[in-house]
Amino acid sequence: MTTQTALHKPPSRAAQYWSLTKPRVTQLAVFCAVIGMFLATDGLPGWQVLVAGTVGIWLLAGAAFAVNCLVEAKIDARMARTARRATARGELTSTQTIVFSTVIGGLGMYVLYAFVNPLTMWLTFVTFVGYAFIYTMLLKPATPQNIVIGGLSGAMPPALGWAAVAGEVPMQAWLLVLIIFVWTPPHFWVLAMYRREDYARSGLPMLPITHGMAYTGLQVWLYTIALAATTLLPFAVGMSGLIYLAAAVALNAVFLRHSWRVHKHYSDLAARKTFAWSIVYLSLLFAALLVDHYFKF
Ligand code: HEM
Ligand SMILES: CC(C)=CCC/C(C)=C/CC/C(C)=C/COP(=O)(O)OP(=O)(O)O
């Protein structure tokens, strides 16, 4: 009985606001930014930049996700996966969400400006606008290529981290951006495949709905091949060594096997497993970049 009561207890206000920031997505994005910070220097980044950069990027990402939840409240309410969001259920009003996003976004801008550098603040702000407005409001309802173009915002975190420490964004940082950019379509489209009924209800023009499952499966496979090639670039340009190369080859082998199954022998289970793997893949690939940076041979 006690357990049941606990299970049905409505989330606290704090938990509602917290969930608006899509904490798990933010965690991985910020993790990639932090790796960018470490790769930007031969030694260790200063602790102030490390902490302030992490907090600032985290806050602006959270603010961007809150705007997304507000804009999509009606769409979210139509999809099983997102229907429980506080904005979709009307538990948080538009005003509350706007104030929350403005406060944490403004705080993030201040932290980046005052304790990191203006370049990082502006790049993160452009990323915020790219995701919260260009992707969410313009691209997502307009084209099935929404996530390919919009994926550029999601791919920015390593460049933001690099800018925080180095004050510039060199080619090596853009290589990392390119990796996340090419990773995004297989990451998202396998989810859209096994959630196709949700997306059909949502009215959004997602690829499995507009072009069918077979075509989407083919795109997942082709992008995974492109991803495998792209992830070799850090080694090819001498930025990373053999530890990274070995990790990238092993991780790609698993990803390719998953994507092949989605392409040739589709099942919802295969797509689910591929989606879960995409997240483990990106986390481990970036962890390998870090390990390789300090133990390079
Ligand atoms: C435009 C680009 C992207 C799109 C459209 C997208 C889409 C999604 C969607 C719809 C989910 C929800 C899955 C669910 O609720 O079952 C999700 C989960 C996730 N995404 Fe992405 N994603 C994108 C980019 C990224 C990026 C750049 C990262 C991190 C670097 C990321 C990390 C994650 C993580 C960690 C989860 C799991 C969240 C959880 O388990 O609660 N995504 N993504
Ligand atoms: C300022 C800054 C660093 C911003 C972070 C940008 C970032 C990491 C974007 C990732 C894109 C993403 C998770 C989209 C989720 O899809 P969706 O929003 O379409 O998913 P939904 O269906 O769950 O709403």
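Glu72 and Lys140 form a salt bridge, with 2.9 Å between their closest N and O atoms. The term covers a side-chain nitrogen of Lys or Arg within 4 Å of a carboxyl oxygen of Asp or Glu. Glu72 sits in the loop between α4 and α5 (73–78) and Lys140 in the loop between α7 and α8, so the pair ties together parts that are 68 residues apart in sequence. By this rule there are five salt bridges. Side chains of opposite charge can pair when their charged atoms come close.

The model is predicted: local features need pLDDT of at least 70, side-chain atom pairs count only at pLDDT 80 or more, and totals for chains, interfaces and linings use all residues. Residues are numbered from 1 along each chain as its sequence is written, chains are lettered from A and ligands numbered from 1 in the order in which they are written, and side-chain values use heavy atoms, with hydrogens and water left out.

**Ligand 1**

The iron atom of ligand 1 has a single donor from the protein: NE2 of His187, at 2.2 Å. Donors are N, O and S atoms within 2.8 Å of the metal (3.2 Å for Na, K and Ca); water is not among the atoms, so sites may look incomplete. His187 belongs to helix α10 (residues 171–194). Helices (H or I, at least four residues) are DSSP runs, numbered from the N terminus.

Around ligand 1 there are 19 residues; Arg81, Gly154, Thr184, His187 and Leu191 come nearest. A residue counts as near if one of its heavy atoms lies within 4 Å. Helix α10 gives the largest share of this shell, six residues. α3, α8 (146–155), α10 and α16 (268–294) each supply at least two. By class, the shell holds 13 nonpolar, four polar and two charged residues. Ala, Val, Leu, Ile, Met, Phe, Trp, Tyr, Cys and Pro count as nonpolar, Asp, Glu, Lys and Arg as charged, and the others, Gly among them, as polar.

**Ligand 2**

Ligand 2 has 18 residues around it, and Arg81, Arg85, Tyr131, Tyr135 and Lys140 come nearest. Helix α7 supplies the largest share of the shell, five residues. α3 (23–39), α4 (47–71) and α7 (118–139) each supply at least two. The shell divides into nine nonpolar, four polar and five charged residues.

Polar contacts (pairs of N or O atoms within 3.5 Å) link both ligands to side chains:

| Ligand atom | Side chain | Distance |
|---|---|---|
| Ligand 1, oxygen | Arg24 | 3.4 Å |
| Ligand 1, oxygen | Arg81 | 3.4 Å |
| Ligand 1, nitrogen | His187 | 3.0 Å |
| Ligand 2, oxygen | Asn68 | 3.2 Å |
| Ligand 2, oxygen | Glu72 | 3.2 Å |
| Ligand 2, oxygen | Arg85 | 2.7 Å |

Taken alone, ligand 2 exposes 630 Å², and the protein buries 88% of that. Areas come from the Shrake-Rupley method with a 1.4 Å probe.

**Surface patch**

Val71, Phe133, Ile134, Met137 and Leu138 make up a nonpolar surface patch, with about 420 Å² of accessible area together. Patch residues have over 30% relative accessible area and no salt bridge, and nonpolar side chains are joined within 5 Å. Helix α7 contributes the largest share here, four residues. Leu138 is in α7.

Notes. A polar contact is a pair of N or O atoms within 3.5 Å; within protein, one must be able to donate a hydrogen and the other to accept it, and residues adjacent in sequence count only if both atoms are side-chain atoms. Patches are made of residues with over 30% relative accessible area and no salt bridge: like charges are joined within 9 Å, nonpolar side chains (Val, Leu, Ile, Met, Phe, Trp, Tyr) within 5 Å.
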